[in-house]
Amino acid sequence: MKHTKQVKNYSESHETLAESIGDLYYDSLADFLRLLADKMYRDGEADKGRGRVKLAAELLACGQTLREAAKHIDIAWKICKPYMRE
């Protein structure tokens, strides 16, 4: 894994990316947040295995927080879904 300052194959700003992600239907947003949480967990476990205990703890905590955020978005979706048009 190589960390970068920009998302590969995406030329817009982070602000535009955040707006685009935020405009997803909430069920899709929750899926995205869970995928990002999984990535943070994988990175955290990898750093834990390298003895980077403090970094691993923060990445694992980030993963947990993202999972919690996904749960809240799931609830928002359940609230909104009955009012969504096909």
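## A polar contact at Asp47

Which side chains are joined by a polar contact of 2.8 Å? They are those of Asp47 and Arg52. Keep in mind as you look around that this is a predicted model.

Asp47 sits in helix α2, and its relative accessibility of 5% is under the 20% cut-off, so Asp47 counts as buried. Leaving aside residues up to four places away in sequence, Asp47 touches Arg52, Leu55, Ala56 and Leu59. With Arg52, the side chain of Asp47 also meets the criterion for a salt bridge, at 2.8 Å from N to O. Arg52 itself is partly exposed, because its relative accessible area of 42% falls between the 20% and 50% limits.

Across the whole structure, a search finds six salt bridges. One of them joins Asp74 to Arg34, with the closest N and O atoms 2.8 Å apart. Asp74 belongs to helix α3 and Arg34 to helix α2, so this pair ties together parts that are 40 residues apart in sequence. Both ends are partly exposed: Asp74 has a relative accessible area of 23%, and Arg34 has one of 28%.

Another salt bridge brings together the side chains of Arg67 and Asp38, at 2.2 Å from N to O. Here too the pair links distant parts of the chain, with Arg67 in helix α3 and Asp38 in helix α2, 29 residues apart. Arg67 is partly exposed at 33% relative accessible area, and Asp38 also counts as partly exposed, at 27% relative accessibility.

## An aromatic pair

How many aromatic pairs does the count come to? The count comes to one. Its members are Tyr25 and Trp77, arranged edge-to-face, with 6.2 Å from centre to centre and 70° between the planes. This pair also links distant parts of the chain: Tyr25 lies in the loop between α1 (14–22) and α2, while Trp77 lies in helix α3 (residues 53–80), 52 residues away.

Is Trp77 buried or exposed? Trp77 is buried: its relative accessible area is 15%, and the cut-off for that label is under 20%.

You can find Leu36 in helix α2, which covers residues 26–49. With a relative accessible area of 32%, Leu36 is partly exposed.

## Glu15 in helix α1

For a last stop, look at helix α1, where Glu15 is found. Why does Glu15 count as exposed? Its relative accessible area is 59%, and exposed means over 50%.

Glu15 also gives you a handy distance to check on screen. Glu15 and Ala69 are 54 residues apart along the chain, and their C-alpha atoms are separated by 19 Å.

Methods:
Residues are numbered from 1 along each chain as its sequence is written. This is a predicted model: local features need pLDDT of at least 70, side-chain atom pairs count only at pLDDT 80 or more; totals for chains, interfaces and linings use all residues. Side-chain values use heavy atoms; hydrogens and water are left out. Helices (H or I, at least four residues) and strands (E, at least two) are DSSP runs, numbered from the N terminus. Buried means under 20% relative accessible area, exposed over 50%, partly exposed in between (1.4 Å probe, protein chains only). A polar contact is a pair of N or O atoms within 3.5 Å; within protein, one must be able to donate a hydrogen and the other to accept it, and residues adjacent in sequence count only if both atoms are side-chain atoms. Contact means heavy atoms within 4.5 Å. Rings of Phe, Tyr and Trp (its six-membered ring) pair if their centres lie within 6.5 Å; planes under 30 degrees apart count as stacked, over 60 as edge-to-face and the rest as tilted. A salt bridge is a side-chain nitrogen of Lys or Arg within 4 Å of a carboxyl oxygen of Asp or Glu.
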